[in-house]
Amino acid sequence: MLTEKKGGRIILSAGSQQEVDDWIAAIRKVQGTEKSAVVEEPAPAHPTGQGVPESKRHAEAAVESPAEGKRAKMSIADFDIHKVLGRGKFGKVLLCSQKSTGKTYAIKVIKKHEDSKSTESQILRSIRHPFIVALHYAFQGTERLFLVMEYVNGGELYFHVSNFGRFSEERVRFYGAEILLAVQCLHGKGVIYRDMKLENILLDKDGHVKITDFGLSKQEDDDDDSDTSVVGTLEYLAPEVIIGLKNSAAVDWWAYGVVLFEMLCGFHPFYSEDREEIRDNILKAKIEYPNHVSANARDLIGRLLERSPKKRLGTGGGQEVQGHPFFASVDFVKLFNKQIEPPFKPELVRAVSI
Ligand SMILES: Nc1ncnc2c1ncn2[C@@H]1O[C@H](COP(=O)(O)OP(=O)(O)OP(=O)(O)O)[C@@H](O)[C@H]1O
Ligand SMILES: [Mg+2]
């Protein structure tokens, strides 16, 4: 095989038809004619979700895929599996390292017949945000779908709230503001998260928030019957979901209010051992705050736990929530850029036990 460069082109000269065929086959192979396993990086979101000049948006969209993202067929055999990080209704999340690079990832393994699960991969592919877990690769076997995510190793907020009893108001402000930016980004992309709860909010090694688990999320404009479906975890369901009205982005602001309450108080606002009673409490119970909760925090949570979705804070956009006096001291642009020191650095879960 002889090669010669002419202008920008490379000319290959073969000695026989067989050699030509062999080269075409080899090139097709490296081009990856199989389903791509690589997730192109979308443009990063903007903290306020608006006001980004068109020129800047284009510049951001030009972010390059990571070097590791070379097109290649990938399978679970390319990873060493270390342990199970979490189990859920539809699958499990495994701590793995990639054999070729030694890099650690969390791989969510989902049984394929769960229709909603391909939505999880689509949604994660379309989002890149500092406070939302990043998807690096997605591939499928005959029965399962594999989502290769960044490994977030600071533990679930659920664990930390249980550990500390409750968080200081400063700490709730920090996590609350980061979660708020993540929700705003999702809603800006027309995604309703639908599974906001302490178990799905992780801390990274520095103590920043990362939202995971898009298994129940949906695109808002998917106008089908599932709009009225009861989807989510009972304790976090908005009243309109319980009574079977249309799900809208407002359900996330309700659940966000529940999460803020739990972080501040260390217990659930509608708690009961009886599931029927939880439903009743969500629909009717007066919310009681412990004495230590400030007037601003009560006001914010009260407006988020507004039973009418039309009147609920956030329904007019995340800016409404950012503008609440509880967040008056937060510089959201600095926060988005991770220029605000987290209030707590987690003790890291050792990545791989050796
Ligand atoms: N990227 C990640 N890094 C570290 N741990 C993770 C990551 N993603 C998930 N986990 C852990 O695994 C647990 C289960 O993951 P996830 O919430 O995505 O699945 P699930 O609850 O089973 O999903 P579903 O509700 O769709 O059935 C999480 O609560 C978290 O503790
Ligand atoms: Mg989960």
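1. By class, the residues in the shell around ligand 1 divide into nine nonpolar, six charged and five polar ones. The structure is a predicted model, and this note should be read with that in mind.

2. The shell around ligand 1 comprises 20 residues, and the closest of them are Gly86, Gly88, Ala106, Asp213 and Gly215. Because domain 1 (38-150) and domain 2 (157-336) both contribute residues to this shell, ligand 1 lies between the two domains. Strand E3 (79-87), strand E5 (104-111) and strand E7 each provide at least two of the shell residues.

3. The strands E3, E5 and E7 also belong to an open sheet of five strands, which follow the order E3-E4-E5-E7-E6 with antiparallel pairing. E3 and E6 are at the edges and have a single partner strand each, so one side of each has no neighbour in the sheet. From one strand to the next, the twist averages 25°. As a general point, strands of a sheet pair through backbone hydrogen bonds, in either a parallel or an antiparallel way.

4. Within this sheet, E7 can be followed towards both of its partners. Seven bridges connect E7 with E5 in the antiparallel sense, and one of the residue pairs is Val109 with Phe146 in E7. E7 (residues 144-150) is also joined to E6 by five bridges, again antiparallel, and here Tyr137 has Val148 of E7 as its bridge partner.

5. E6 and E7 make a hairpin, with three residues between the two strands. Although E6 stands at an edge of the sheet, this strand (residues 135-140) is mostly covered, since five of its six residues are buried.

Notes: Residues are numbered from 1 along each chain as its sequence is written. Chains are lettered from A and ligands numbered from 1 in the order in which they are written. This is a predicted model: local features need pLDDT of at least 70, side-chain atom pairs count only at pLDDT 80 or more; totals for chains, interfaces and linings use all residues. A residue is buried if 20 or more other C-beta atoms lie within 10 Å of its own, exposed if 12 or fewer, and partly exposed in between; C-beta atoms are placed from the backbone. Helices (H or I, at least four residues) and strands (E, at least two) are DSSP runs, numbered from the N terminus. Two strands pair if DSSP finds at least two bridges between them. A residue is near a molecule or strand if its C-beta atom, placed from the backbone, lies within 6 Å of it. Ala, Val, Leu, Ile, Met, Phe, Trp, Tyr, Cys and Pro count as nonpolar, Asp, Glu, Lys and Arg as charged, and the others, Gly among them, as polar. Domain bounds come from an automatic or database domain assignment. Axes are lines fitted to C-alpha atoms, for helices over the stretch in contact, and angles run from 0 to 180 degrees between N-to-C directions.
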